[in-house]
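Dear colleague,

Please find below the structure for your review.

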Amino acid sequence: MSVRGRRPPRRASIQQRRARLARLIFLLVVIVAILLSTLGGSLPAPPRGGAALGAAPGDRFGYRASREADFVARATAGEANVLFVQSPGGAMATATRVAAYRPLIDRVTAGTNIDPNLLEALVFVESAGRPQVIAGSDPANAAGLTQILASTGQSLLGMNIDLARSRQLTRQIDAVAAGTRRGLLAPLLAQRAAADPRFKPSTELAATVRYLQDSERQFGREDLAIESYHMGIGNLHQVLADYNGGAPVPYAQLYFDTAPDLHRSAYNLLAGFGDDSSLYLWRVLGAAQIMRLYRTDPTALRHLSALQTSAASNALVLEPPNSSPRFADPAALSAAYLDHALVPLPSNATQLGL
C-alpha cells in the first residue's frame, strides 16, 4: 500500500493501548509493594532535619592547652602510616633491627636527660636500624644510624670526619657490594668507620645525644629538642620568633595554633619546609609506640602493621573494619532514627560551627 493509501490509526485504539499500559504500571506497583511488605517493609524515611545545637564559642578546631595530650595523640596516629609502608622489610623487621641497638642506646643516654625511648625511635625514623645507610651516594650527605650530615658532625658535634677518605672507601664498598670489584666488605667497613665515625654506632649515637642535649638547653623542652633534630635548631628558633617572639611553647601548640589566618608568618615557615620537617615529632612518637608494641605485644603490632599496609592510608586503623554500625533491616534503621542514634545533618553548615 502506498503512503498516500494508509489509513490513520483510529483514536479509539490509541486510547485503549494507553489504558492497558496504565493498568500494567499499576499492577507492577502493587506487586513491588507486596514484595517489600513481605521482606519487612520499605526503608523508613529519615526524620526531617532540625536546627543543630549552637556551636560553642570560639574556634572548635583551635588549639587548647587543656587538650594538648589529645592533639599529640591524634597527630601521632595521623602520621603513623608512613612508618609502616616505608620501613624497609616492614615495621616488624625494622623494629627488630633497631632493638638490637637498645643496649648501646641505654649506655649513651645513661646519666643524661635524654629519653632512651625517644632516641631509639629517632633511629627507627632516620635509618630503620641500618648503620651503613647514606642519603644518596655521597657520604657528605646524612649517614649512619641517626643520619648526621658530615658538615654538622664536623662543625657542631666535634666529630673527626675525614670526608675524602670516607668517599674513597664508600666507592670501594659499593663496588665490592655490586660485584664489580674483588675484596671483603668487613675490612672496608671497619676502615670507613675509623675515617668517618658516623659509621660507628656508638660514636654517632653519643654525638646525637650531644645534639639533643644542646637543643634542650636552648629550648627548655624535650619535644622541641626532638623536633629540632630534623628541622634544625636555627629554623625552629625562627618559627618560635615569628609565632610569639621566641618564647618556647609545646610543639603541639606551635603546630596546631598556626594557620593562614592565625600566626601567618610562623605557619608559612612551617608549611614551607618541603621535607616534612614539621611532621617529624609525630613520626618519632609513632616509632616509639611501635617499639613499645614490639616488646610488649608483638601480635598486636603484626595486626596493626597488616591494617596499615592493606590500604593506601591509615584509614583502616582510624576507622577499623566493622566499627560503623550496620542495621539488619528497615525496622532496626527506623529504631535508630527514633533513638537519635542516626540524625540528619542540617543543611546550613554554620549550625555545626563550620
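The structure holds eight aromatic pairs, where rings of Phe, Tyr and Trp (its six-membered ring) pair if their centres lie within 6.5 Å, and planes under 30 degrees apart count as stacked, over 60 as edge-to-face and the rest as tilted. One of them joins Tyr-211 and Tyr-229: the ring centres are 5.2 Å apart and the planes stand at 85 degrees, so this pair is edge-to-face. Because Tyr-211 lies in helix α10 (residues 201-219) and Tyr-229 in helix α11 (residues 222-231), the pair ties together parts that are 18 residues apart in sequence. Helices here are DSSP runs (H or I, at least four residues), numbered from the N terminus. Tyr-211, at 8% relative accessibility, counts as buried, and Tyr-229 counts as buried at 13%; buried means under 20% relative accessible area, exposed over 50% and partly exposed in between (1.4 Å probe, protein chains only).

The model is a predicted one, in which local features need pLDDT of at least 70 and side-chain atom pairs count only at pLDDT 80 or more, while totals for chains, interfaces and linings use all residues. Residues are numbered from 1 along each chain as its sequence is written, and side-chain values use heavy atoms, with hydrogens and water left out.

A further aromatic pair, Phe-256 with Trp-282, is tilted, at 6.1 Å centre to centre and 40 degrees between the planes. Phe-256 belongs to helix α13 (residues 251-256) and Trp-282 to helix α15 (residues 280-296), so the pair ties together parts that are 26 residues apart in sequence. Phe-256 is partly exposed at 27% relative accessibility, whereas Trp-282 is buried at 1%. Both residues belong to a cluster linked by ring pairs, together with Tyr-63, Phe-71, Tyr-251 and Tyr-255.

A ring also meets a charge: the charged end of Arg-192 sits over the ring of Phe-199, 3.9 Å from its centre. The criterion is that NZ of Lys or CZ of Arg is within 6 Å of the ring centre and within 35 degrees of the ring normal.

Turning to helix packing, α10 and helix α12 (residues 233-244) pack at an angle of about 20 degrees, with their axes 11 Å apart. Axes are lines fitted to C-alpha atoms, for helices over the stretch in contact, and angles run from 0 to 180 degrees between N-to-C directions. The two helices α10 and α12 are therefore roughly parallel; angles under 35 degrees count as roughly parallel, over 145 as roughly antiparallel, 65 to 115 as roughly perpendicular and the rest as oblique. Residues of α10 in contact with α12 include Tyr-211, Asp-214 and Ser-215, contact being heavy atoms within 4.5 Å. The axes of α12 and helix α14 (residues 264-272) come within 7 Å and cross at roughly 155 degrees, so α12 is roughly antiparallel to α14. On the α12 side, Gln-238, Val-239, Asp-242 and Tyr-243 meet Ser-265, Ala-266, Leu-269 and Leu-270 of α14.

Two individual residues complete the account. Ser-228, found in helix α11, is buried with a relative accessible area of 0%. Not counting residues up to four places away in sequence, Ser-228 touches Tyr-211, Ser-215, Phe-219, Ile-233 and Leu-236. Arg-165 lies in helix α8 (residues 163-178) and is partly exposed at 29% relative accessibility. With the same exclusion of residues up to four places away, Arg-165 touches Gln-191 and Ala-195.

Yours sincerely
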